[in-house]
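Welcome to a short walk around a protein model. Keep your viewer open and select each stop as we go.

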Amino acid sequence: MPANLTINGRSIEATGGQSLFDYAEAVGVDVPTSCRKQGKCKECMVEVVEGMSLLSEIAEPETHLKGNFRLSCQTFVNAAEGNVRCYTMRRGHMRIERHAFGLPLSNRAFELDPAATRDGDRILIDGLEVGRSTGPILGIAMDLGTTTVVLRLVDLETGELIADTSFENPQRFGGSEVMSRIAYDTEHPGRLLMRTLAGYLTHAIEKFPVDPKTIYEMVVVGNSTMRDLFFRQSVYSIGQNPYQSITEIEMAEGKRATTSLVQTGLRSLLPIHPKARVYGAPIISGHVGADAAACMLAVDLAHEERLVAVMDIGTNTELIVGNKHRILAASCPAGPAFEGGAIACGMPALDGAIESVEIVDEGTFRLGVIGDTPPEGICGSGLIDVLSELLRTGRMNDMGRFEDDVRRVTLLRAEGKDIFLLESDVNELAQAKGANVAGLHAVFSSYGIDFDDIEVFYLAGGFGRHLNVESSKRIGLVPSLASSKIVQAGNTAIEGATIALLSKSKRQELEDLVRRVEHCRLETHPSFFEFFVEGCQFKPVEPIPCAR
Ligand code: FES
């Protein structure tokens with residue numbers, strides 16, 4: 001009997017002799033490649049989720065991969081029977097937030113003033129000629145996340161959005177969070193992370209309905225590690241206390257005037273105009289990166305009189321609090337639990353993820369699932385809902401213990417696969433929540449304000465966009481503010497990057513703004529541990545007396 005191979009949910013009998021890449025082609029799955037199965041481009045990665053032992057030995061071209069990743073062109077099914085299941089990078093299947101909502105600068109409430117301009121057939125960047133063409137002048141804004149990458153293509157002469165796209169960051173083979181990527185990049189010379197990403201970016205850009213050589217400028221935002229990896233900077237220092245980007249260190253030493261970075265399209269290994277300017281927006285400090293800086297631009301903090309907060313919940317949660325007069329920012333290492341990591345039935349927000357949960361009637365679970373597919377696991381918003389519902393119905397107490405000494409709550413019994421939540425999962429989620437809440441308390445108390453002083457609370461990012469606010473308030477993940485104050489703003493980082501791309505003056509405003517931000521270092525806050533312990537409990541976030 002031949003082995004049963006499933007790639008991206010499509011199955012085929014693997015009779016041997018062909019690579020996973022060949023089988024993927026046979027079932028119509030598009031595998032990224034630039035070398036056509038030569039083992040050189042390193043782009044054809046798949047993540048094997050079942051049947052790793054049935055596959056051929058690791059070949060020399062794939063020794064750089066960690067975990068369950070393989071190069072599909074180098075991997076063969078050896079066994080005569082059994083199941084192998086794998087996925088290409090989940091481009092197009094991930095629910096990635098490309099848009100922003102409810103922001104003051106939406107609908108271009110600023111002057112179109114790009115750096116790339118035209119003088120006859122001369123194309124200029126800041127007045128210097130970079131080429132001659134009568135074609136369009138285009139630009140790309142990029143939000144380079146640890147997990148996902150979002151690109152927006154815009155016409156720099158009209159400000160119109162031409163296209164956008166998103167995909168899973170292929171650097172996942174070097175670990176799922178920034179500290180592992182830093183360790184990977186330090187241990188593996190050759191800029192493998194950067195090169196692999198550049199390959200995927202090249203495919204994404206070439207799929208845009210334009211000539212890539214008409215792209216003359218690109219604005220890149222991302223956390224400090226992702227941004228610096230892209231610009232070929234050493235990221236070693238970001239992984240060591242006091243966790244600083246090399247650009248931050250050089251600026252403190254007087255070697256540079258800003259933490260922003262600039263390189264050409266050619267050096268970026270992208271198919272855009274070779275003299276295009278690729279601008280990496282400035283970081284704030286430490287792990288509080290250029291994505292958080294871009295959020296400040298998107299919420300127009302430079303002109304904001306009201307006290308606002310921005311919270312982007314993720315593996316590293318970013319927090320910004322303030323107004324035009326004073327701004328505080330922090331980064332909380334919350335871990336991957338709310339992204340489904342380290343949870344028995346957890347998964348990212350892909351098709352098949354349970355995204356909403358309600359307990360109805362005699363305790364049955366009503367489940368909302370992403371996509372038209374049977375449930376496979378629970379993503380972050382579903383985890384928040386299930387915790388909230390267990391708490392509401394008394395099946396879990398505020399310490400995260402299940403009633404009647406059970407260790408597991410089953411949401412769904414299905415043939416072959418139950419979907420459940422373990423008490424140990426709840427512990428993981430409690431700690432992730434504890435870190436977020438501790439961050440909130442530390443930043444607010446350092447500012448000398450209480451939650452009620454906030455007039456607008458932006459929940460940024462894809463996770464913040466899709467979570468149920470009432471559930472989040474009940475378990476104490478976000479403060480119990482009036483719902484009218486909470487804006488589920490979506491991808492504010494890409495919005496900020498787009499604004500910086502379309503306006504030189506806004507870009508300068510961003511450069512000025514980051515210098516004024518006070519970095520609240522949570523690890524040195526005297527009450528952080530106390531806040532953390534308090535935050536691990538599942539109850540609404542209580543105001544804590546301010547350290548005024
Ligand atoms: S196709 Fe290039 S390494 Fe596999």
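## First stop: Gly 535 and its neighbours

Select Gly 535 and show what surrounds it: leaving aside residues up to four places away in sequence, Gly 535 touches Ala 430, Lys 433, Gly 434 and Val 437. Keep in mind during the tour that this is a predicted model. Now colour residues 528–535, which form helix H13, and you will find Gly 535 within that helix.

Is Gly 535 buried or exposed? Its relative accessible area is 2%, and because buried means under 20%, Gly 535 counts as buried.

Gly 535 and Met 194 are 341 residues apart along the chain, and their C-alpha atoms are separated by 37 Å.

## Second stop: helix H11

Move on to residues 492–502, which make up helix H11. How many of the residues of H11 are buried? Eleven of the eleven are, so H11 is largely enclosed by the rest of the structure.

Then zoom in on the start of H11 and show the side chain of Asn 491. One of its side-chain oxygens reaches to within 3.1 Å of the backbone nitrogen of Ala 493.

The axes of H6 and H11 come within 7 Å and cross at roughly 75°, so the two helices are roughly perpendicular to each other.

To see the contact, show Asp 291, Ala 294, Cys 295, Leu 297 and Ala 298 on the H6 side. On the H11 side, their partners are Thr 492, Ala 493, Glu 495, Gly 496, Ala 497, Ile 499 and Ala 500. Colour this contact by class and you get eight nonpolar, two polar and two charged residues.

## Last stop: where H6 meets H12

The crossing of H6 with H12 is right-handed.

Which residues make this contact? From H6 come Ala 293, Ala 294, Met 296 and Leu 297, while H12 brings Lys 506, Glu 509, Leu 510, Leu 513 and Val 514. Sorted by class, the contact of H6 with H12 holds seven nonpolar, no polar and two charged residues.

How values were computed. Residues are numbered from 1 along each chain as its sequence is written. This is a predicted model: local features need pLDDT of at least 70, side-chain atom pairs count only at pLDDT 80 or more; totals for chains, interfaces and linings use all residues. Side-chain values use heavy atoms; hydrogens and water are left out. Buried means under 20% relative accessible area, exposed over 50%, partly exposed in between (1.4 Å probe, protein chains only). Helices (H or I, at least four residues) and strands (E, at least two) are DSSP runs, numbered from the N terminus. A polar contact is a pair of N or O atoms within 3.5 Å; within protein, one must be able to donate a hydrogen and the other to accept it, and residues adjacent in sequence count only if both atoms are side-chain atoms. A crossing is left-handed if the near helix is turned anticlockwise from the far one by less than a right angle, and right-handed if clockwise. Contact means heavy atoms within 4.5 Å. Ala, Val, Leu, Ile, Met, Phe, Trp, Tyr, Cys and Pro count as nonpolar, Asp, Glu, Lys and Arg as charged, and the others, Gly among them, as polar. Axes are lines fitted to C-alpha atoms, for helices over the stretch in contact, and angles run from 0 to 180 degrees between N-to-C directions. Angles under 35 degrees count as roughly parallel, over 145 as roughly antiparallel, 65 to 115 as roughly perpendicular and the rest as oblique.
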